[in-house]
Amino acid sequence: MTLPALTFQLPLANAGSNAALISFGIYTAAVFLLAWLSNRTASGKSFLSEYFLGSRNLGVWAFALTFAATSSSGGSFMGFPSKIYTHGWSLALWIGSYMIVPAFVMALLSKRINQVARKTGAITVPDVLHDRFESAKFGSLATLLIVFFMSVNLVAQFKAGSKILRTLLDDVPAFQNVTQSVGSFVHENSLPAGSEGSGYMICLLAFALAVIVYTAYGGFRAVVWTDVMQGLVMVGGVLIMLPLTLHMVGGLPNATEQLAEMTPPRWKLAQFDLAQPAEEDFVVSKTTWVEIPASTKQQRRVFRLAEDVVILKDKSSSDLVKVLEITTPQEVERIHPDDLSIPYVLAAFDIAQIKLEEPAEQDFGIPVGSFIQVSDDGGFARTVRACRISSGEQTAKLLRNSSAQIPVRVVETGQADVEKLTAVVTGHYRFGDSKPGVYVTGPGPSPTDEGGFLPLSLAISFFCMWAFAGAGQPSSMVRQMAFRDSNTLRKAVFTVSIYYSLIYFPLVVIFVCARVVLPGWEIDPDRIMPEMAKAVSAAIEHPWLAGLLVAAPFAAVMSTVDSFLLMISSAVVRDVYQRHINPQASDKSIKRLTYAVTVFIGLAAVFGALYPPAYLQDIIVYTGSGLAACFLVPMSLALYWRRFNTTGAIASMAGGFATHLATYVGGLITYEQFRPIRVFNFDPIVTALLPSLLIAIVVTLSTAPPPERLVRKFFYRDKS
Amino acid sequence: MSETEPRKADPQPELDPVYVHASREAIVVLVAFFALIFWSVGVCFVTGYYDSSEMIPELKTVWGIPHWVFWGILVPWMAANVFSLWFCTCYMRDDDLSDPSEDADREPGVNG
């Protein structure tokens with residue numbers, strides 16, 4: 001089957017933006033309605049237990065869907081699809097552990113943690129740990145770690161929520177006008193504008209306002225009810241997208257067949273030249289398709305702009321910009337360049353990172369036309385820009401834009417005219433370049449790793465990571481404290497198993513097809529979910545559907561943010577204020593403080609998200625695995641090992657935290673990036689859980705056993 | 001008498017049945033987890049992995065799914081769902097988790 005040209009899809013999506021906005025608005029209104037209803041339901045019940053734990057009375061659907069929705073974060077609907085898009089079918093193995101995650105996570109701890117929480121009246125996770133060991137120190141350590149990790153994660157989730165909302169609103173004229181006005185207002189009044197522009201800021205504030213208001217107003221029950229709705233929206237979104245996507249690509253066999261022919265794209269640097277100087281500033285926006293037409297020397301080449309191109313008035317050339325070149329001939333044929341209204345000539349260059357074997361003793365320049373050796377293949381490249389290496393540095397800096405990457409043209413012959421000067425061409429995939437079939441086999445293509453995206457050790461590591469990280473999340477533990485009875489638990493385990501089956505494998509199918517439908521989104525892969533929602537809706541000429549489909553990732557982010565907001569709030573109010581500052585506080589003052597703290601934390605996260613971290617998925621992974629590294633071993637042993645004592649528990653938690661942190665600090669030092677060192681290629685969570693377990697055992701056995709009274713209370717039948 | 005020593009006059013205490021059942025259930029789930037990791041990763045690696053120097057042979061698919069994903073992920077996923085059904089309906093015990101404490105909103109630090 002021949003797929004249609006790509007440019008027809010966006011105008012249809014634009015036309016439906018208002019309809020999409022309306023359907024999305026209906027969804028948000030429903031969230032508020034549920035919050036209001038839950039607040040009414042809460043009237044007359046004990047405030048703390050109701051506000052933070054829903055009076056421990058969750059039924060099957062509420063428990064199952066709040067558990068599942070909270071686990072599905074912005075990462076599930078933004079980061080995961082972008083990874084599938086970038087690496088192909090190997091993501092099925094990457095996420096494969098979810099086949100057993102529900103049973104593993106819920107059967108491992110739920111029954112016991114629920115029982116212990118009921119026995120002691122615990123409302124929060126630190127409460128459980130405090131009461132199990134009767135140790136204020138341990139409770140405080142747990143509180144501190146929860147506040148730290150969840151606050152960091154909250155910022156990343158706010159960023160994800162804002163990005164999704166922006167994708168939806170970007171084409172709406174009213175939004176564009178508001179963005180322009182707000183941008184001018186902020187600029188004129190010297191207000192903090194954030195690092196991402198006024199559009200992002202408006203979306204961030206809208207998202208924050210919605211989620212903070214309904215969470216603060218409705219508490220845990222509102223969070224659970226909205227989670228139920230959000231859980232249904234998520235699975236509904238996926239199940240609607242699946243057949244539409246399959247229809248669009250002409251069936252999965254056809255999509256996989258096309259995928260098998262694909263080769264990874266290549267990053268290039270490009271320069272635009274106009275036939276005559278521009279009469280006014282000329283801007284070509286990011287995502288635009290451009291081409292170098294076929295000639296006698298070469299076939300037609302197509303590129304997608306990864307950043308805006310600006311040619312100033314009276315100039316005829318742009319600066320160098322980053323572009324993505326599509327390398328699969330069938331795709332190149334299918335892509336039509338956008339009309340730029342002015343004739344242009346495009347020159348594309350490889351990107352090379354020039355390195356010296358030793359730091360330079362004095363500054364020196366590398367003139368245009370120099371031959372440099374390409375270390376990868378022993379070939380040569382010729383520089384097309386002058387660059388300079390400063391004294392004491394080992395990497396080149398471009399004279400004009402201070403980038404460490406230099407455009408080169410790879411040539412077949414030449415000679416290195418500067419001794420010990422070599423270059424690494426960085427724009428090609430390190431694994432899978434020019435290799436058809438790499439998207440349908442393991443370990444999957446990788447732009448950065450020579451061993452591929454998912455080598456065997458990493459596959460094992462991820463299989464363990466999802467299960468262990470899921471079991472060790474305090475936000476999951478809180479939900480396990482809130483279900484009604486063990487019959488509810490039994491039904492919920494199977495419900496969540498089916499739920500995950502309906503979400504994760506279909507997501508893999510949808511986004512391997514997205515590679516076929518929407519090429520070139522490697523320039524901003526986090527946008528592939530909303531873009532795919534727009535594309536499938538436009539293809540069936542019901543663009544309003546995009547609003548509902550985009551609500552799925554939005555719901556995933558919301559359901560995580562509201563839970564984390566409440567977790568942090570409960571840690572501050574219950575575990576810090578009520579336990580350490582004012583144990584005699586009245587119900588009324590606790591209530592006021594709870595509302596105030598929830599709002600304050602939400603606003604603090606908004607401020608953090610104004611200047612957001614660059615690596616959304618990396619931060620979510622860091623905090624998620626960090627929490628599990630700290631909590632899984634101490635909580636599991638607290639519930640199942642009678643000999644486990646306070647010293648062992650504190651040492652285990654601290655050991656898990658320190659080991660996990662050490663892998664990231666080591667990564668920062670080694671790679672100068674926010675990525676962990678992987679010992680034997682294992683994820684940091686696996687690396688951290690082992691020391692946490694060993695420390696727990698060694699320290700516990702070398703210190704005094706716990707008081708018999710506590711052992712009897714938590715492990716023996718209560719005769720009363 | 002030290003707090004850590006059991007009182008001699010006490011009869012042999014009986015383990016909490018919830019603790020006993022939950023421990024057994026946790027072990028069964030751990031065994032299932034390790035069986036599935038062996039199956040899934042093993043099949044995928046043996047039938048679907050190629051290193052950078054190997055030629056990738058013509059793709060075999062089942063219902064449009066690469067065969068290594070079908071046998072290494074989809075089939076064990078279905079098996080895991082069957083296991084979950086059995087585990088929830090036949091193996092997991094319906095235990096009494098007891099009523100919530102009356103003092104759920106008690107002043108913290110006074111329990112125990």
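Predicted model: local features only at pLDDT ≥ 70, side-chain atom pairs only at ≥ 80, totals over all residues.
Trainee: Is Ser434(A) buried, partly exposed or exposed?

Mentor: The relative accessible area of Ser434(A) is 48%. Buried would require under 20% and exposed over 50%, so Ser434(A), at 48%, is partly exposed.

Trainee: Which peptide bond is cis, with omega near 0°?

Mentor: Most peptide bonds are trans. The loop to look at is the one between strand S14 (421-425) and helix H14 (456-471) of chain A, where Pro443(A) is found. The cis bond, with omega near 0°, runs from Gly442(A) to Pro443(A).

Trainee: Turning to chain B, is Trp63(B) buried or exposed?

Mentor: Trp63(B) is found in the loop between strand S1 (61-62) and S2 of chain B, and its phi is near 55°, a positive value in a residue other than glycine. Because exposed means over 50% relative accessible area, Trp63(B), at 67% relative accessibility, counts as exposed.

Trainee: What area do chain B and chain A bury between them?

Mentor: The size of an interface is often given as the accessible area lost when the parts come together. In terms of residues, 74 of chain B are in contact with 87 of chain A. Of the area that chain B and chain A bury between them, 64% is on carbon and sulfur atoms, and the value is about 6900 Å².

Trainee: How many salt bridges are there between chain B and chain A?

Mentor: One of the pairs to inspect is Asp94(B) with Arg490(A), whose side chains meet in a salt bridge at 3.6 Å, N to O. Polar contacts between chain B and chain A are counted separately, at 21 residue pairs, both residues being at pLDDT 80 or more. For salt bridges between chain B and chain A, the count is five.

Trainee: Which element gives the most to the side of chain B that touches chain A?

Mentor: Helix H1 (17-48), strand S2 (65-66) and helix H2 (67-91) of chain B each supply at least two residues of the side that touches chain A. By class, that side of chain B has 41 nonpolar, 17 polar and 16 charged residues. The element that gives the most to it, with 19 residues, is H1(B).

Note on methods
Residues numbered from 1 in each chain as written. Chains lettered and ligands numbered in written order. Heavy atoms only, no water. Contact = heavy atoms within 4.5 Å. Buried area = accessible area lost by both parts, 1.4 Å probe. Salt bridge = Lys/Arg side-chain N within 4 Å of Asp/Glu carboxyl O. Polar contact = N/O pair within 3.5 Å; in protein donor to acceptor, adjacent residues only side chain to side chain. Helix = DSSP H or I, 4+ residues; strand = E, 2+ residues; numbered from the N terminus. Nonpolar A, V, L, I, M, F, W, Y, C, P; charged D, E, K, R; others polar. Buried < 20%, exposed > 50% of the residue type's maximum accessible area, 1.4 Å probe, protein only.
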